[in-house]
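Me: I would like to walk through a structure by question and answer. Please keep it brisk.

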Amino acid sequence: MGEKLFVMGHDAKLHAWHLELNRLETIEVPENFKRCITEGETILIVTQNSDLYLWNFGGSLQPIDSEYFCSFYLSEAQF
């Protein structure tokens, strides 16, 4: 639960209740999720396979390319 969203779900389905707008939205993640983190109207979703997705309430689900972060970390560690 965050400042604006109450989040609940099971398997690949995630429900978010907007506390200020008094509105419910449901999204389905491509695979079962393990954790989610809320910040305002944004939810970061971590799946069981460690894939990352970002969802803004009222918007569409956006995958996050974690390969970018891994390559950045590796290039920084070489110096």
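Reply: This is a predicted model, where local features need pLDDT of at least 70, side-chain atom pairs count only at pLDDT 80 or more, and totals for chains, interfaces and linings use all residues. Residues are numbered from 1 along each chain as its sequence is written, and side-chain values use heavy atoms, without hydrogens and water.

Me: In the open sheet of 4 strands, what is the strand order?

Reply: Strands are DSSP runs of E, at least two residues, numbered from the N terminus. Two strands pair if DSSP finds at least two bridges between them. The pairing in this open sheet is antiparallel, and the order is β4-β5-β6-β7.

Me: Which are the edge strands?

Reply: An edge strand pairs on one side only. That describes β4 (33–39) and β7 (62–64).

Me: Which residue in β5 stands opposite Ile37?

Reply: β4 and β5 (residues 42–47) run antiparallel, joined by 6 bridges. Opposite Ile37 stands Leu44.

Me: In β3, what is the bridge partner of His18?

Reply: β2 (residues 13–18) and β3 (residues 23–28) run antiparallel, with 6 bridges between them. Their hairpin has 4 residues between the strands, and Asn22 takes a positive phi near 55 degrees. The partner of His18 is Arg23.

Me: With which residue does Arg23 form a salt bridge?

Reply: A salt bridge puts a side-chain nitrogen of Lys or Arg within 4 Å of a carboxyl oxygen of Asp or Glu. Here the closest N and O atoms are 3.0 Å apart. The partner is Glu25.

Me: Is Glu20 buried or exposed?

Reply: Buried means under 20% relative accessible area, exposed over 50%, and partly exposed in between (1.4 Å probe, protein chains only). Glu20 has 57%, so Glu20 is exposed.
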